[in-house]
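Please consult the sequence and the three-dimensional view while reading.

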Amino acid sequence: MISPMGAVLSLMEGMKMRNEYSQLKEYMDQSHKTVAVTGSGISYLYGMSRLKRSVGRLNAGRIFSASYVRKNPEGFYQVMKDSFLDATFVKGPSAVHKQLAEMEKQGRLYGIVTQNLDCLHTIAGSRNVVEFQGSFRDNICTECGSRCYDYQVWNQGRMPRCEACGAPLMPTSFCRDFRASEDASQSSMRKAIDMISEAELVLVIGTTGFRSNEYLSRMRPGTKLVQINPSETAFDRIADLNIRAEAAGALDACI
């Protein structure tokens with residue numbers, strides 16, 4: 001049984017949350033260009049395991065090399081399957097991925113900047129997505145260096161192979177042996193910076209701020225920043241509004 005004091009505190013917390021949702025909606029209504037920045041939190045909550053847990057038994061420097069993948073294609077594929085592919089292609093997008101896609105469709109969201117590799121924003125229907133760490137959408141042949149721009153090659157139940165030479169493919173961002181990996185990373189970050197620099201409102205959802213200093217420092221003066229995260233992060237001290245809640249509930253107020 002809830003004590004009278006507990007009931008009062010619960011009521012006050014509910015009022016505070018409703019006020020925060022109302023403030024978020026007001027910011028959204030006033031913004032002509034809103035950008036969402038998302039992190040692994042929106043995928044982990046939906047079953048995406050942490051890559052480092054899956055590869056902890058192996059040396060990451062060996063895994064993320066073309067030579068390792070050529071010699072151990074099935075081992076690499078199993079790590080990818082356990083870390084990303086099952087959550088991506090079996091479970092699919094979370095409620096938050098779908099909400100953000102719907103917001104873009106309604107014209108309430110300009111685009112998404114994400115550190116996630118899983119392509120779940122694209123699968124959910126979002127069109128203007130910048131994946132500044134790369135993703136399974138951009139792949140490279142571990143032998144001849146040919147590129148394949150299709151995340152569906154990872155949805156065939158087996159290790160994807162190069163159409164030109166038959167060697168295993170791997171995400172370009174993972175491949176440290178080719179200059180293309182660095183070029184792709186730099187290009188993606190430039191796109192993230194461009195998107196953030198145009199925003200009037202930035203929604204930070206489910207991220208603790210990995211590499212955020214590289215793009216958030218380009219926000220224009222006067223741009224509002226709203227953080228939606230049940231946990232404390234480095235954004236607490238710079239956000240105009242901190243919403244301590246799961247993102248799905250907060251975004252419901254904006255759709």
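How many disulfides does a search of the whole structure find? The search, run on a predicted model, finds 0 disulfides.

**Cysteines**

C144 takes part in no disulfide, and its nearest cysteine sulfur, that of C141, is 3.6 Å away. The sulfur of C162 also has that of C141 as its closest cysteine sulfur, at 3.8 Å, which is too far for a bond. A disulfide would require the two sulfur atoms to be within 2.5 Å. The two residues are placed as follows: C144 is partly exposed, with 41% relative accessibility, whereas C162 is buried, at 8%.

C141 itself belongs to strand β4 (residues 139-141), which pairs with β6 in the antiparallel sense over 3 bridges. Within this pairing, C141 stands opposite L169 of β6. The two strands are part of an open, antiparallel sheet of 3 strands, in the order β5-β4-β6. Because β5 (147-148) and β6 (169-171) each have a single partner strand, they form the edges, and one side of each is left without a neighbour in the sheet.

**Overall composition**

The protein contains 10 helices and 9 strands. Of its 255 residues, 48% count as buried. Among contacts with a separation of 6 or more, 63% are between residues 24 or more positions apart.

How many of the 5 residues of β7 are buried? The count is 5 of the 5, so the strand is largely enclosed by the rest of the structure.

β7 runs parallel to β1, to which it is joined by 5 bridges. It also pairs in the parallel sense with β8, again over 5 bridges.

In soluble globular proteins, nonpolar side chains tend to be buried together. Here the largest nonpolar core has 24 residues, and L24, L100, L203, I205, V226, I228 and I243 have the most contacts inside it. At least two residues of this core come from each of α1 (4-30), α7 (95-105), β7 (201-205), β8 (224-228), β9 (241-243) and α10 (247-252). The greatest contribution is that of α1, with 5 residues.

V226 illustrates the packing: beyond its neighbours up to four places away in sequence, it touches L24, Y27, L201, V202, L203, V204, L241 and I243. A second, separate core has 23 residues, including F64, L117, M170 and F174.

L117 lies in the loop between β2 and α8 (120-124), and S65 in the loop between α4 (60-63) and α5 (66-71).

| Residue | Relative accessibility | Class |
|---|---|---|
| L117 | 12% | buried |
| S65 | 9% | buried |
| C162 | 8% | buried |
| C144 | 41% | partly exposed |

Which residues surround L117? Apart from neighbours within four places in sequence, L117 is in contact with F84, Q133, G134, S135, F136, S173 and F174. One of these, S135, is 18 residues away along the chain, yet the C-alpha atoms of L117 and S135 are separated by 4.0 Å.

For S65, the contacts beyond four places in sequence are with M170 and D177. A polar atom of the S65 side chain also lies 3.2 Å from the backbone nitrogen of Y68.

In α7, the buried residues are V96, H97, Q99, L100, A101, M103 and E104. Just after this helix, G107 adopts a positive phi of about 85°.

Helix α9 (residues 179-198) has 20 residues, which at 1.5 Å a residue should span 28 Å; its end C-alpha atoms are 29 Å apart, in agreement with that value. Its buried residues are A180, S181, A184, S188, M189, A192, I193, M195 and I196. These residues pack against β1 (34-38), β2 (111-114), β3 (129-131), β4, β5 and β7.

Definitions and conventions: Residues are numbered from 1 along each chain as its sequence is written. This is a predicted model: local features need pLDDT of at least 70, side-chain atom pairs count only at pLDDT 80 or more; totals for chains, interfaces and linings use all residues. Side-chain values use heavy atoms; hydrogens and water are left out. A nonpolar core is a set of buried Ala, Val, Leu, Ile, Met, Phe, Trp, Tyr and Cys residues joined through side-chain atoms within 4.5 Å. Buried means under 20% relative accessible area, exposed over 50%, partly exposed in between (1.4 Å probe, protein chains only). Helices (H or I, at least four residues) and strands (E, at least two) are DSSP runs, numbered from the N terminus. Contact means heavy atoms within 4.5 Å. Two strands pair if DSSP finds at least two bridges between them. The expected span of a helix is 1.5 Å times one less than its number of residues. A polar contact is a pair of N or O atoms within 3.5 Å; within protein, one must be able to donate a hydrogen and the other to accept it, and residues adjacent in sequence count only if both atoms are side-chain atoms.
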